[in-house]
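Here are some friendly notes to read alongside the model. Please keep the viewer open and find each element as we come to it.

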Amino acid sequence: MFEAGLDGFAHFELAAMSKPDTYKLLASVILPRPIAWVVSKDEAGGVNAAPFSFFNILSADPPLVAIGFSKAPDREKKDTLTNIREHGEFVVNLVPEDLAEAMNVTATNAPRGTDETRLAGLKLAKCAVVDVPRIERSPVALECRLYQVIEPGGSSTIVLAKVVYVHVRANAFEDLERLHIDPSQLRLIGRMHGGGGYCTTRDTFSIERLSWPLESKD
Ligand SMILES: Cc1cc2nc3c(=O)[nH]c(=O)nc-3n(C[C@H](O)[C@H](O)[C@H](O)COP(=O)(O)O)c2cc1C
């Protein structure tokens with residue numbers, strides 16, 4: 001599966017690896033990952049929630065986010081993916097530390113039609129432009145519209161979505177006019193390695209951006 005090199009690295013040729021091992025390796029080294037806690041609606045108007053950490057912002061102009069869906073173990077597609085394809089609208093809520101356990105409840109493999117937000121005891125709030133609610137206690141919610149579905153040929157599906165409206169809890173701003181956020185107020189969590197690994201976003205540091213030419217340190 002891998003070559004232990006004399007250079008102190010293990011080297012992996014992904015084409016020679018099984019799909020579960022490829023997942024395990026990549027999900028264990030691409031760290032930390034933000035978590036999209038997606039609320040979507042099914043064809044009967046039922047609410048569904050589930051977390052997805054193959055997620056990020058890909059573009060600000062236009063404002064696009066991407067979510068990667070793996071194969072569902074027991075059904076054709078994950079409910080979230082089916083709902084997004086059918087309804088075209090959904091909400092990405094970001095996950096604060098105090099909702100980590102609730103987020104985990106919504107990741108259960110509940111039968112289609114189950115409202116996981118109820119299972120997790122979550123209160124919902126109305127959105128501004130999409131016909132899907134957001135999670136009230138989530139400090140950030142992105143109202144999204146489906147932009148493109150990419151089927152890269154394996155068992156995964158990638159959804160690109162346009163963010164059309166954003167809610168941010170006001171006390172997360174150091175300076176609202178200048179859009180300066182204090183991340184320690186958001187207390188978002190990230191996904192780490194292993195089955196149940198997470199991190200907080202409290203241990204941060206800053207580096208000033210440099211301009212060219214670089215100043216000599218001597
Ligand atoms: C923190 C976390 C991150 C997850 N990330 C993903 C992901 O990126 N892609 C994916 O397909 N499943 C992911 N899952 C699993 C889904 O949440 C799980 O399959 C869920 O049952 C899907 O629900 P649904 O069928 O209602 O859409 C993740 C689970 C957890 C707990």
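Which elements each supply at least two residues of the shell around the ligand? Let's begin there.

1. **The ligand shell.** The answer is strand 5, strand 7 and helix 2. Helices (H or I, at least four residues) and strands (E, at least two) are DSSP runs, numbered from the N terminus. The shell has 17 residues, and the closest to the ligand are A50, F54, D79, T80 and A107; a residue is near a molecule if its C-beta atom, placed from the backbone, lies within 6 Å of it. Strand 5 gives the most, with 4 residues.

2. **A word of care.** This is a predicted model, in which local features need pLDDT of at least 70, side-chain atom pairs count only at pLDDT 80 or more, and totals for chains, interfaces and linings use all residues. Residues are numbered from 1 along each chain as its sequence is written.

3. Look for an open sheet of 7 antiparallel strands in the order 5-4-8-11-12-7-6. Two strands pair if DSSP finds at least two bridges between them. At the edges, strand 5 and strand 6 (55-60) each pair on one side only. From one strand to the next, the twist averages 35°. Strand 7 and strand 12 are joined by 6 bridges, and L64 stands opposite K162 in strand 12.

4. **Helix 2 on the sheet.** This helix packs on the sheet, and its direction makes about 55° with that of strand 4. (Axes are lines fitted to C-alpha atoms, for helices over the stretch in contact, and angles run from 0 to 180 degrees between N-to-C directions.) Within helix 2 (residues 79-87), D79, T80, L81, N83 and I84 are buried. Buried means that 20 or more other C-beta atoms, placed from the backbone, lie within 10 Å of the residue's own. Just after the helix, G88 takes a positive phi of about 80°.

5. **The core.** The largest nonpolar core has 35 residues, and A36, W37, V38, V91 and V95 have the most contacts inside it. Such a core is a set of buried Ala, Val, Leu, Ile, Met, Phe, Trp, Tyr and Cys residues joined through C-beta atoms within 7 Å. Strand 4 supplies the largest share, 4 residues. Leaving out residues up to four places away in sequence, V95 touches I35, W37, P51, A100, M103, S138, L188 and I189; contact means C-beta atoms, placed from the backbone, within 7 Å.

Methods: A residue is buried if 20 or more other C-beta atoms lie within 10 Å of its own, exposed if 12 or fewer, and partly exposed in between; C-beta atoms are placed from the backbone. Two residues are in contact if their C-beta atoms, placed from the backbone, lie within 7 Å.
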